Amino acid sequence: MTSISKQMAIVGVAESDLGVVPDKTATDLAVQASLRALADAGLSLKEIDGIFTCNLSRFSSLQLAEQLGIQARYLDSSLAGGCSFEMHLAHACAAIQAGLCHTALIAYGSVQRSKRARKLEGFVESGTSAAQYENVYAPLYPISFYAMVAQRHMHTYGTSLEDLAGVALVARQWASMNPMAFKRDPLTLDELMASPVISSPLRVADCCLVTDGGGAVIVTSMERARNLAQKPIAVLGVAETSTHDAMSQVPDLLVHGSKDTGQRALAMAGLQAKDIDVVQIYDAFTINVLVGLENLGFCQPGEAASFVAAGHTAPGGKLPLNTQGGGLSYCHPGMFGIFLLIEAVRQLRQQCGERQVPQARTALCHATGGIFSAHATTILGVE
Amino acid sequence: MSLVRPLPETDGLAAHYWASAANEKLVIQRCDSCAQYQHYGRLMCVHCGAGTLQWVDTQGEGAVLSCTTVYRSPYSDVQTPYTLALIRLDEGVTLLSHLLGGDAGGNYCDARVQLEFSPLRDGFKLPVFRLLESGEPA
């Protein structure tokens, strides 16, 4: 069996309306993003024969197919939290390689802000080990888990509250150059440090935004991609895993599934961390960027805070990270993974205007799901 | 704001765990084949895959892997601030629990703790952990 590396390409990407979209449903936003991504690719709806989406409803992919009027040949509603869309991309590449579909649409939509759907306790789901053993202790889900990772990181490496805030400052610097970003006003360290603590050590300012929004990505064979509207962006490497579901079952608070998926995705791509030009790491919380940089091999354990403080991930730095402003400042409709792919593709197409990373030829996207439970890494590149 | 915290779901092997807790015993499983421990109860050993496991009482001592103090409670019957902790028992298993005896927002990573039981409604008792010695943050 040949590797899927370099055999498939992303040919269309788009966001739906973002921010506050009170007159639309989650599925509307998935449809809107899908139609925009088709236009971006120069494809028509009838050419889509694979549908990948999740969290719209119990039968998400059926629902989206019905809304689009498509009778698809391949359906996937896999749900593993915010990294679901990186997983969808990997699954779509495999399905195309196997001849089960030719052109796949990966789509997402959420109106969590307008519906006020976000709750402190999160999703208290029946039938889980958390429901049997953990929810009775009233953890805030997911923030309390990320807070315990941050506390352990601070304890082990001497990471400070200012180090965490530094991640949010960099995100805002990038967002200030993105017209689609929800928060673009300049931010100061003092403002961040004055933000109230929710689950120590994490403050409101350490948490991603709560917005509405959707996105879509279209993937097809490289052969077909060459005849479409945009420069094909090759899928060079993919990898996914899960390490736990309930909080108590995490194997290690600082060594994550990202270490495994990063290594495997880079190996599939035939690249090393030093070969990556632009990085997108799902920043549900500020701590995610620090542990992500360390587990993915961009920094040694414990060195990410000084790496960020030195400006390496900021505009003009040697490792531009979350160049659209991330979940912290650009948008966060609840599952951010698809927006990592959208921004990486635009950077590789050189379509990012003021925030464009010069000569970006390789990108790494790393998304997480749940409470650092699921991990998926995608490496993209241009030929 | 009248949401109260959910009681544990006690189906399957969780029934024995919570019945034991009501009698002030914290139970975990030990594998007959590899002698390793696991929390929570399962039909098989996650270490070696064997299917014969015994319930054993823990010694009730361990250390804090990490902790976090919550300042916004989702539930009317859980008063803030309260501190959650991942506790690594000396048997080598980890539980999510509450940490007692410290300052709100303190760092108690690696601090030693001792098991207690805290009464809840409907006959449930919650395994919780109290800091040993001083409550000074690490």
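**A covered strand and its surroundings**

A: A:Met8 stands opposite A:Ser221 in strand 7 of chain A, where strands (E, at least two residues) and helices (H or I, at least four) are DSSP runs numbered from the N terminus. The model is a predicted one, in which local features need pLDDT of at least 70 and side-chain atom pairs count only at pLDDT 80 or more, while totals for chains, interfaces and linings use all residues. Residues are numbered from 1 along each chain as its sequence is written, chains are lettered from A and ligands numbered from 1 in the order in which they are written, and side-chain values use heavy atoms, with hydrogens and water left out.

Strand 1 (residues 8-15) of chain A runs antiparallel to strand 7 of chain A and is joined to it by seven bridges; two strands pair if DSSP finds at least two bridges between them. Strand 4 (residues 103-110) of chain A is likewise antiparallel to strand 7, with eight bridges joining the two, and here A:Ala104 stands opposite A:Val219. Strand 7 itself, residues 213-221, is mostly covered, since nine of its nine residues are buried, buried meaning under 20% relative accessible area, exposed over 50% and partly exposed in between (1.4 Å probe, protein chains only).

Helix 3 of chain A is also mostly covered, with 11 of its 14 residues buried, among them A:Phe85, A:Met87, A:Leu89 and A:Ile96. The end C-alpha atoms of this helix (residues 84-97) are 20 Å apart, which agrees with the 20 Å that its 14 residues should span at 1.5 Å a residue, the expected span being 1.5 Å times one less than the number of residues. After helix 3 of chain A comes A:Gly99, whose phi is positive, near 80°.

Elsewhere in chain A, a cis peptide bond with omega of about 5° joins A:Ser200 and A:Pro201, and A:Pro201 is placed in the loop between strand 5 (197-199) and strand 6 (202-203). The loop between helix 13 (337-348) and strand 10 (362-369) of chain A holds A:Gln350, which has a positive phi of about 65° although it is not a glycine and counts as partly exposed at 36% relative accessibility. A:Gln359 lies in the loop between helix 13 and strand 10 as well; this residue, not a glycine either, has a positive phi of about 55°, and with a relative accessible area of 65% A:Gln359 is exposed.

In chain B, the peptide bond from B:His39 to B:Tyr40 is cis, with omega near 10°, and B:Tyr40 lies in the loop between strand 2 (37-38) and strand 3 of that chain. Strand 3 (residues 53-57) of chain B includes B:Asp57, which counts as partly exposed at 40% relative accessibility. Leaving aside neighbours within four places in sequence, B:Asp57 is in contact with B:Lys25, B:Leu26 and B:Val27, contact meaning heavy atoms within 4.5 Å. Although B:Asp57 and B:Leu26 are 31 residues apart along the chain, their C-alpha atoms are separated by 5.8 Å.
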